[in-house]
Amino acid sequence: MFVGQVLLNYNFLICKIKELVNRFSRLPASLLLLLTIHWHNAFSQKNDLEEHNLNGSVKSVLYTSYKAVLQGDTIIKGQHQWESNLRGDRLIIYNNKGYLIEEYDYNASRQLASFYRGILDTNGREYEGIMYDVEDNDTVLVSKTIFKYDDNGNQILEHVEHHGHYIYENEDSILDYHFIYDNNNQKIKQYGGRYGWYTVYIYNKVGWLTEEQVYDSTNHLIINKLYKYNKFGNRIEDKEVRIDSKGEKTTKCSQFKWSKKGYVSEYIECDANCKPLGRTLEDYDDLNRRIKYQEVNSYGELVVTYTYSYKDDKYGNWVQQYVYREGKPVYIIEREIKYY
C-alpha cells in the first residue's frame with residue numbers, strides 16, 4: 001500500500017515533521033501540532049485512523065509514558081516520564097468516520113497545555129481548525145484556520161487568523177494562502193501570506209513533483225527545491241538552494257532509501273554537495289510498527305540504537321510499547337483505546 005506514485009507516505013511525512021520540529025523547536029507545542037495537521041491536510045489521502053495505523057472503530061486514544069523498570073526478567077512501569085520526544089501525555093479523539101476532530105496535549109505536570117478542535121465536512125475534509133493554549137488555567141486562542149475547496153476537492157484557500165503573543169512579535173494577524181491547480185488537479189501555484197511570496201510547482205511527465213520555485217514579492221527567485229525519485233515514484237533526494245539578496249547561494253540536501261516493504265528505511269543528512277553527514281536508519285514490522293531506530297554520525301560510527309516491542313489488544317492495536325536503548329528498557333508508552 002506504500003509503493004507506487006505516492007509522493008509522500010506517512011513515514012516520509014514523519015521525516016519532514018522532524019525537520020520542522022528541529023527548525024521551529026522554540027515554538028510552543030500547539031503550533032508544531034498545527035504544522036503537522038496542515039501537512040496532513042495537504043498530502044494525505046487516507047483517514048486519520050489509517051494514517052495512525054489503528055484498526056477498528058477507534059473513538060479515542062490516550063497516550064501516557066513511563067520509565068521502564070527491570071525487575072529480574074520482568075519489565076514493569078516506573079514513575080510517569082514526560083519527554084518531548086515521546087508521544088505520551090496526549091489524547092486524540094476521532095469521529096465515527098475515522099477523522100481526527102480533537103487533540104489534547106499535556107505537560108510534564110500532567111496538566112493540559114494545548115488543544116486543537118477541527119470541524120469536518122461530509123467528505124472528511126477539514127474546513128475549520130481552532131488551536132488553543134492553556135496558561136495558568138486560562139484558555140488562550142492561538143489560531144483559527146478556515147479551509148475552502150473546489151468542486152474536485154482541491155484545497156484552494158487557507159485563511160489563518162493568528163492570535164496571542166507567539167506570532168510576529170505579539171501581533172495578531174490574518175493571512176490568506178491561495179492555491180491554483182491545473183486540469184490534472186495538480187497544484188501549480190501557491191501565493192499569499194505575510195510577505196507576498198509565491199511558489200511555483202513543476203512536475204515531470206508522469207506527474208511527480210520535481211521542483212518548487214519560491215519567489216519574493218519582487219519576483220526574485222529566493223528558494224529552489226529539487227526532488228528526485230526511484231522507479232516506484234518514491235522520493236529519494238531533496239535539494240534546497242537558498243539565494244540571498246546578494247545572489248549568494250546556500251545549499252542543503254537530504255536523501256532517502258526505501259525498503260522492499262515500501263517505507264523509508266534510511267534518512268541521510270547531506271552537505272551542499274549531497275555527501276552524507278549523518279544518517280538515521282529505521283525498520284518496521286509487517287504491521288507498519290517501528291521496531292528499530294539507529295543514528296550514525298558523519299564518521300560512520302553508530303551513535304545510538306533503539307528497539308521496540310509491543311503488546312496488542314484484541315483488535316491488533318498496540319496498548320503498550322516498550323522502548324529499549326542499547327538493549328536496555330528505558331520507556332513504556334501506554335495507549336488507552338476506546339471504541340465506538
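This is a predicted model: local features need pLDDT of at least 70, side-chain atom pairs count only at pLDDT 80 or more; totals for chains, interfaces and linings use all residues.
## Arg242 and Glu240

Arg242 forms a salt bridge with Glu240, and the closest N and O atoms lie 2.7 Å apart. The two side chains also count as a polar contact, again at 2.7 Å.

So which strand holds Glu240? Glu240 belongs to strand S14. Is Glu240 buried or exposed? Its relative accessibility is 10%, and because buried means under 20%, Glu240 counts as buried. Setting aside neighbours within four places in sequence, Glu240 is in contact with Ile223, Asn224 and Lys225, and also with Thr250, Thr251 and Lys252.

## Two hairpins in a row

Strand S14 covers residues 235-243 and runs antiparallel to S13, with seven bridges joining the two. Here Leu226 stands opposite Lys239 in S14. S13 and S14 make a hairpin with five residues between the strands, where Gly233 takes a positive phi near 85°.

On its other pairing, S13 (residues 221-229) meets strand S12 (residues 209-215), antiparallel again, over five bridges. In this pair Val214 sits opposite Ile223 in S13. S12 and S13 form a hairpin too, with five residues between them, and Asn219 in the turn has a positive phi of about 70°. As a general point, side chains in a regular strand alternate between the two faces of the sheet.

Cys253 and Cys274 form it, with their sulfur atoms 2.2 Å apart. The link is right-handed, at 105° about the S-S bond. It ties together distant parts of the chain, 21 residues apart: Cys253 lies in strand S15 (residues 249-258), while Cys274 is in the loop between strand S16 (264-270) and strand S17 (276-284). Both ends are tucked away: Cys253 is buried at 1% relative accessibility, and Cys274 is buried at 15%.

The structure holds 13 salt bridges. One of them joins the side chains of Glu266 and Lys257, at 4.0 Å from N to O. Glu266 counts as buried at 9% relative accessibility, whereas Lys257 is partly exposed, with a relative accessible area of 45%.

Another links Arg289 with Asp285, whose closest N and O atoms are 3.2 Å apart. Arg289 and Asp285 are both buried. There is also a network, in which salt bridges with shared partners join Arg90, Glu103 and Asp105.

## Nonpolar cores

The largest nonpolar core has 22 residues, and Leu54, Val58, Val61 and Tyr94 touch the most other members. At least two residues of this core come from each of these strands: S1 (58-71), S3 (90-94), S19 (302-312), S20 (318-325) and S21 (328-339).

Take Val58 as an example. Leaving out neighbours within four places in sequence, Val58 is in contact with several residues, including Leu49, Tyr94, Asn317, Ile337 and Tyr340.

Notes: Residues are numbered from 1 along each chain as its sequence is written. Side-chain values use heavy atoms; hydrogens and water are left out. Two strands pair if DSSP finds at least two bridges between them. Helices (H or I, at least four residues) and strands (E, at least two) are DSSP runs, numbered from the N terminus. A disulfide is a pair of cysteine sulfur atoms within 2.5 Å. Buried means under 20% relative accessible area, exposed over 50%, partly exposed in between (1.4 Å probe, protein chains only). A nonpolar core is a set of buried Ala, Val, Leu, Ile, Met, Phe, Trp, Tyr and Cys residues joined through side-chain atoms within 4.5 Å. Contact means heavy atoms within 4.5 Å. A polar contact is a pair of N or O atoms within 3.5 Å; within protein, one must be able to donate a hydrogen and the other to accept it, and residues adjacent in sequence count only if both atoms are side-chain atoms.
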